[in-house]
Amino acid sequence: MPQRQRYLFVCTNQRAEDHPKRSCATRGAVEVQRLLKDQLKARGLATLGARACQSSCLDQCSSGVTILVEPDHFFYGRVTVEDVPEIVEALANGTRVERLVLTAGDLARG
Ligand code: FES
């Protein structure tokens, strides 16, 4: 397969429901990743534009569901399935969804 322009690493780490740090999987990350994959394909971006991969913990648990976008090197946080169409649209346009981009303060909290 050719190298894509972007890779979206969706944290799908799973911890117990009562774990104090919670986890992205318990906030719906698996569904977010699946939907991203489907919508990238439907939009014709899956072959060359972007690939949505599952990832282990990205150390941004307090902002989950988190997605690391490479090579742009920024995080989306607090992502829900409702945000996926907007994320795909931004990828198609070469932009990003600013309201979901984690700030320096978010990153410092981890
Ligand atoms: S569990 Fe998803 S960033 Fe840690």
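Is Y7 buried, partly exposed or exposed? Select Y7 to find out: with a relative accessible area of 22%, Y7 is partly exposed. (Buried means under 20% relative accessible area, exposed over 50%, and partly exposed in between, with a 1.4 Å probe and protein chains only.)

The model is predicted, and local features need pLDDT of at least 70, side-chain atom pairs count only at pLDDT 80 or more, and totals for chains, interfaces and linings use all residues. Residues are numbered from 1 along each chain as its sequence is written, and side-chain values use heavy atoms, with hydrogens and water left out.

**Whole chain**

Color by secondary structure. The protein has 3 helices and 4 strands, in the order β-α-β-β-β-α-α from the N terminus. (Helices, H or I of at least four residues, and strands, E of at least two, are DSSP runs numbered from the N terminus.) The C-alpha trace spans about 40 × 25 × 25 Å along its principal axes. The radius of gyration is 13 Å, which agrees with the value near 13 Å for a compact globule of 110 residues. (This radius is taken over C-alpha atoms, and the globule rule is 2.2 Å times the number of residues to the power 0.38.)

Of the 110 residues, 43% count as buried. Among contacts with a separation of 6 or more, 64% are between residues 24 or more positions apart. (Contact means heavy atoms within 4.5 Å.)

**Strand 1: Y7**

Return to Y7, which lies in strand 1. Show its neighbors: leaving out residues up to four places away in sequence, Y7 touches P2, R51, C53, L68, V69 and E70. Then pick the C-alpha atoms of Y7 and I67, which are 9.7 Å apart in space and 60 residues apart in sequence.

**The loop between strand 1 and helix 1**

R22 lies in the loop between strand 1 and helix 1, and its phi is near 55 degrees, a positive value in a residue other than glycine. At 38% relative accessibility, R22 counts as partly exposed. S23 lies in this loop too, but S23 is buried, with a relative accessible area of 2%. Beyond residues up to four places away in sequence, S23 touches N13, Q14 and R15.

**Two cis peptide bonds**

Go to the bond between G64 and V65: the peptide is cis, with omega about 5 degrees. V65 is in the loop between strand 2 and strand 3. Then move to E70 and P71, joined by a cis peptide bond with omega about 10 degrees. P71 lies in the loop between strand 3 and strand 4.

**R78**

Select R78, found in the loop between strand 4 and helix 2. Phi of R78 is near 55 degrees, positive in a residue other than glycine. Its relative accessible area of 43% makes R78 partly exposed.

**Helix 2**

Which residues of helix 2 are buried? Select residues 84-93 and pick out V84, I87, V88, A90 and L91. Seen down the axis of helix 2, these fall within an arc of 160 degrees, so they line one face of the helix. (The arc is that of the directions from the helix axis to the C-beta atoms.) The buried residues pack against strand 1 (6-11), helix 1 (29-42), strand 2 (50-55), strand 3 (67-70) and strand 4 (74-76).

E89 is also in helix 2, but E89 is partly exposed, with a relative accessible area of 35%. E89 and R78 are 11 residues apart in sequence and 18 Å apart in space, C-alpha to C-alpha.
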